Amino acid sequence: MIKYVPEMTSVVIEEIPDMVTLAVEISNCKGNCIGCHSPFLKNDIGEELTEEAIDRLFEENFGVNCFLFLGEGRDLARIIELAGYVKRSKGVAVALYSGRTEVEDEVFRAFDYVKVGPYIAEAGPLNVPTTNQRLYKISHNPFSAEDITSRFWRKGIDPNRS
Ligand code: SF4
């Protein structure tokens with residue numbers, strides 16, 4: 001099961017370059033970032049993110065072209081299943097902000113954008129060149145993963161997300 005925090009859902013333009021993104025905060029984070037900026041997301045809070053909930057979110061947020069899972073929870077198979085549902089039924093890109101340093105190949109195959117790397121305060125967030133985090137833009141046919149992290153440095157924006 002994947003759960004999200006409905007009241008924190010928002011449409012953003014900073015998190016994924018060139019995209020208008022519907023972002024949902026996923027709870028049950030299994031990360032352990034020192035200086036975690038959202039410790040409440042480690043708890044089992046919020047509501048289940050189902051296909052029906054996704055339908056409602058798109059009805060309430062018309063016009064987005066990307067859906068972002070801010071966190072991955074503890075059920076990898078289910079979040080991949082939900083990503084597939086979003087792609088098939090909504091025809092938009094799907095993105096994942098993972099707090100892990102490395103993710104499975106199946107994650108790269110399921111998403112169009114994948115951010116990896118825990119939040120490390122001394123390294124800084126995505127918008128500074130010292131960051132340990134990386135955002136990849138995925139092409140699926142043929143497969144490639146392009147590191148587009150430097151797009152944040154040029155824009156100087158502050159995603160301030162895990
Ligand atoms: S991934 Fe985000 S929510 Fe999870 S421990 Fe790290 S900073 Fe906190």
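Val11, Ile13 and Val20 together make a nonpolar surface patch of about 250 Å². Of these residues, Val11 is placed in strand S2 and is partly exposed, with a relative accessible area of 43%. The model described here is a predicted one.

**The sheet**

- An open sheet is formed by 7 strands, with mixed pairing and the order S2-S3-S5-S6-S7-S8-S9.
- S2 and S9 are the edge strands, each of which pairs on one side only.
- On average, neighbouring strands of this sheet are turned by 25° against each other, direction ignored.
- Strands of a sheet pair through backbone hydrogen bonds, and the pairing is either parallel or antiparallel.
- S7 and S8 run antiparallel and are joined by 4 bridges; Lys115 has Leu135 in S8 as its bridge partner.

- S3 and S5 run parallel and are joined by 5 bridges, and the bridge partner of Glu25 in S5 is Leu70.
- Strand S6 (residues 93–97) also pairs with S5, in the parallel sense and over 5 bridges; here Leu68 stands opposite Ala95 in S6.
- A right-handed β-α-β unit is made by S5, H2 and S6.

**Salt bridges**

- Side chains of opposite charge can pair when their charged atoms come close.
- The structure contains 9 salt bridges.
- One of them joins the side chains of Asp18 and Arg151, at 2.8 Å from N to O. Asp18 lies in the loop between strand S2 (10–12) and strand S3 (21–25), and Arg151 lies in helix H4 (residues 150–155), so the pair ties together parts that are 133 residues apart in sequence.
- Asp18 is exposed, with a relative accessible area of 57%, whereas Arg151 is partly exposed at 24%.
- Asp112 and Lys87 also meet through their side chains in a salt bridge, with a distance of 2.9 Å from N to O. This pair links distant parts of the chain, 25 residues apart: Asp112 is in the loop between helix H3 (105–110) and strand S7 (113–116), and Lys87 is in helix H2 (residues 76–90).
- Asp112 is buried because its relative accessible area of 11% falls under the 20% cut-off. Lys87 counts as partly exposed, at 28% relative accessibility.
- A salt bridge also connects Asp147 with Arg134, whose closest N and O atoms are 3.2 Å apart. The two residues are 13 residues apart, with Asp147 in strand S9 (residues 143–147) and Arg134 in strand S8 (residues 134–140), and the pair links distant parts of the chain.
- Asp147 is partly exposed, at 36% relative accessibility, and Arg134 is also partly exposed, at 23%.
- Glu51, Arg78 and Glu81 are linked to one another in a network of salt bridges.

Notes:
Residues are numbered from 1 along each chain as its sequence is written. This is a predicted model: local features need pLDDT of at least 70, side-chain atom pairs count only at pLDDT 80 or more; totals for chains, interfaces and linings use all residues. Side-chain values use heavy atoms; hydrogens and water are left out. A salt bridge is a side-chain nitrogen of Lys or Arg within 4 Å of a carboxyl oxygen of Asp or Glu. Buried means under 20% relative accessible area, exposed over 50%, partly exposed in between (1.4 Å probe, protein chains only). Patches are made of residues with over 30% relative accessible area and no salt bridge: like charges are joined within 9 Å, nonpolar side chains (Val, Leu, Ile, Met, Phe, Trp, Tyr) within 5 Å. Accessible areas come from the Shrake-Rupley method with a 1.4 Å probe; for residues, only the protein chains shown count as cover. Two strands pair if DSSP finds at least two bridges between them. Axes are lines fitted to C-alpha atoms, for helices over the stretch in contact, and angles run from 0 to 180 degrees between N-to-C directions. A crossover is right-handed if, with the strands pointing away from the viewer, the path from the first strand over the helix to the second runs clockwise.
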